[in-house]
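Okay, thanks for coming, everyone. I'd like to walk you through one model today, helices first and then the packing between them.

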Amino acid sequence: MGCGAEMLAPKWFDKNLALSNEDNFDQLRLALRLAADTYMDGKARTAFGHFAAHYGEQIEAGAARGLNSLVANYGPAQLDRAILDALFLSLGCSFYDGMHGNIAGIEPVLLDRGAGDLAGFDMPRFLAQLTPANSIAARHTVGLVDVIGGHPGQVGDGLPNRCKKS
């Protein structure tokens, strides 16, 4: 049994101190609008196919509007989760059963970039071999110790990073 909740979290995805909380909220709302626009292209795809088809486009559209890739992908993350939820609920299966059977159609070959390390990987076989754990402790800590924009320890590669402990 599990549950999820979302909120627009300022400074979670973009640590730029020049942006207000309202600016951050607007960034996340924009990411959702961009994803909704791209996902509604009228083409039939698997659940994963929607993500794969629009991943690069979402990052480019976000960048053109000043969003870093982490912010830009907030929109697809929300839609992808809703799509998986709707798919598995419509079939009357659990998240585990849906993933175990690869109902979402996860195929690395569908990704146009960024999946070189998965080339030739048999995802359906991998998923079919998984077994559920009796329990799991989940903790999402991305952002917990990320560098705030302008901090001297900032890596500057556009990705979340951590402060080095001295």
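This is a predicted model: local features need pLDDT of at least 70, side-chain atom pairs count only at pLDDT 80 or more; totals for chains, interfaces and linings use all residues.

Residues are numbered from 1 along each chain as its sequence is written, and side-chain values use heavy atoms, with hydrogens and water left out.

Let's start with α1, residues 21-39. When I say helix, I mean a DSSP run of H or I with at least four residues, numbered from the N terminus. α1 has 19 residues and spans 27 Å from first C-alpha to last, close to the 27 Å expected at 1.5 Å a residue; that expected span is 1.5 Å times one less than the number of residues. Its buried residues include Phe 25, Leu 28, Leu 34 and Tyr 39, where buried is under 20% relative accessible area with a 1.4 Å probe, protein chains only. They pack against α2, α3 (69-72) and α4.

Now α4, at residues 74-91. It has 18 residues and reaches 26 Å, close to the 26 Å expected. Tyr 74, Leu 84 and Phe 88 are among its buried residues, and the buried set packs against α1, α2, α3 and α5 (95-100). After the helix comes Gly 92, with a positive phi near 70°.

So how do the axes of α2 and α4 cross? They come within 10 Å and cross at roughly 170°, the axes being lines fitted to C-alpha atoms over the stretch in contact, with angles from 0 to 180 degrees between N-to-C directions. The two helices are therefore roughly antiparallel, a label for angles over 145 degrees. On the α2 side the contact (heavy atoms within 4.5 Å) uses Ala 47, Phe 51 and Gln 58; α4 brings Pro 76, Asp 80, Ile 83, Leu 84 and Leu 87.

Next, the cores, meaning sets of buried Ala, Val, Leu, Ile, Met, Phe, Trp, Tyr and Cys residues joined through side-chain atoms within 4.5 Å. The largest has 11 residues, including Ala 47, Leu 84, Phe 88 and Met 123. α2, α4 and α6 (123-129) each give two or more residues, and the largest share, 3 residues, is from α2. Apart from that core lies another, of 10 residues, with Leu 28, Ala 31, Leu 34 and Val 71 among them.

Conventions: Angles under 35 degrees count as roughly parallel, over 145 as roughly antiparallel, 65 to 115 as roughly perpendicular and the rest as oblique. Buried means under 20% relative accessible area, exposed over 50%, partly exposed in between (1.4 Å probe, protein chains only).
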